[in-house]
Amino acid sequence: MPHVVVVGGGLSGLTVALRLKQFSPGTAVTVLEPRDRPGGNIYTESDRGFRVEHGPNGYLDRTPALPNLVRELGLEGQAIAASDGSRKNRYVFLRNKLRKLPGGPLGLLTTSLLSLRGKWQLLAEPWRKTPPPGHEETIQEFVTRRAGSEAANVFADALVTGIHGGDPALLSVSAAFPRLPVMERDAGSIVRGFMRAAKKRKEDAKANNQPPPGPMRMWSFRDGLQVLVDALAAQVGSGLHCGTRVEAVSEAAGVAPWTVHGQSGYTWSADAVVLACPSYEQAGIVSDINPELSAEMAAIPYNRIAVVALGYRAEHCPGKHDGFGYIAPQNTRRDLLGVQWCSSIFPDRAPQGFVLWRALCGGVHRAEQIDWPDEQLVKAVHGEITLAMGVTGTPVFKKVVRWPNAIPQYVLGHLDRVARIDALASRHPGLFLTGNSYRGVAMADCVEQGEAVAAKVALHLQRAKPR
């Protein structure tokens, strides 16, 4: 019976394990996770009626991979969509005031976020003839070229801050948002590209006798994202081993060409090894067999994020707060990156009569914040929330979570680095790499890449069978 060892029990690793059981029946799969629980950065904690997500707050249904997985696991009945208000009402905090992000052309005409010149530059994007340069562009450069500097300083910064906790002047648009350059190339415009994509989705739905697709939505579960992790872990079953750290892998000719070395001298023989842990951990694991590969993996930077969840009495929070929350763009260098109005986005995130808001602090320009004591972080976040939303009371609930290596940053040169990593890894048949370090940081990306890698491993095992 072939044996595959998956290193890393986050969403990527669990997806690989699940799909391998389907793609390669009869294959034994072992998942080794160094923490005392599976799920990686996905973890839901309930405390005194407040339900706090330590990592991602939800997943998008932009692609079918994750919704299909939810359906396959029998979790549809537990899935909940984010509120309509959270989809329609999103804000940025600029010039000491919450300002609503425009939701369409009319909103762009009336927004106070842009000057008349900035509005004209943005609205003229479909007709702008700006051929792409012969070099890789940052997100800031791309949006400035297509829609003007004001749009880049406000909207691109808010988008990148909200998704990556990064700086649009540092991240590669081709790596972080690969659809945008493709839309420009194929449609000559980002706006026309999105319109074509929407039209195609409707045509595909009609061809499959399905109702027209609605707007993209964010989803979670009544009891939080932990529901998805627990369901995946249950499918992996006894093959999942938590509290097991892998230190190295080695190759050897023979029936089982790979040996996985854990702490305290434990070893596992494997026909294939999948590294689904973060790239900096993968770097240490492969350092003995390929120092060059290890160096490339270790060169992928990560930001540092502190999650600060605060609960307030609703009576101390004036206004409806019917929305997703707000972003404080990186270029403002405030004490937080943004605030998610968790109890407005999903139901039952706070007890009756209370609200739960979750702030993200740190990022690439305020990395020192993660080292602040809890009291200092809570005080800073409370001060920002009071300024932005006029809170009159003090928090009745506090939770601080620190992520020293939170989100990989796809800086300029990332795609070339990933290509080099792929080429170096290909020298070691039976070694496979996945995770959010390489081709997408979202939960959906992890599922899609995990499924793709599982298919490659199954093909490798089939080819390796003795004839």
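**Packing, pairing and a pocket in a predicted model**

Q: In this predicted model, what makes up the open sheet, and what is its strand order?
A: The open sheet consists of three strands in the order S5-S9-S6, and their pairing is antiparallel.

Q: Why do strand S5 (59-60) and strand S6 (79-81) stand at the edges?
A: Each has a single partner strand, so one side of S5 and one side of S6 lack a neighbour in the sheet.

Q: What makes S6 and strand S9 (residues 218-221) count as a pair?
A: Pairing requires at least two bridges between the strands.

Q: Why are H9 and H10 called roughly perpendicular to each other?
A: Helix H9 (residues 179-187) and helix H10 (residues 190-207) pack at an angle of about 90°, with their axes 8 Å apart. Angles of 65 to 115 degrees count as roughly perpendicular, and H9 and H10 are therefore described in that way.

Q: Which residues make this contact of H9 with H10?
A: Among them are Leu 180 and Met 183 of H9, and Phe 194 and Arg 201 of H10. The contact residues divide into six nonpolar, one polar and six charged.

Q: What lines the second largest pocket, and which element gives the largest share?
A: This pocket has a volume of about 350 Å³. Of its 18 lining residues, those closest to the centre are Asp 422, Leu 431, Phe 432, Leu 433 and Lys 456. H17 gives the largest share of the lining, four residues.

Terms used
Residues numbered from 1 in each chain as written. Predicted model: local features only at pLDDT ≥ 70, side-chain atom pairs only at ≥ 80, totals over all residues. Heavy atoms only, no water. Axes fitted to C-alpha atoms, helices over the stretch in contact; angles between N-to-C directions. Helix = DSSP H or I, 4+ residues; strand = E, 2+ residues; numbered from the N terminus. Parallel < 35°, antiparallel > 145°, perpendicular 65-115°, else oblique. Contact = heavy atoms within 4.5 Å. Nonpolar A, V, L, I, M, F, W, Y, C, P; charged D, E, K, R; others polar. 1 Å grid on protein atoms, 1.4 Å probe; cavity = no way out; pocket = protein on both sides within 12 Å on 5 of 7 lines; lining within 4 Å. Points joined across faces, edges and corners; volume = space filled by probe spheres on them.
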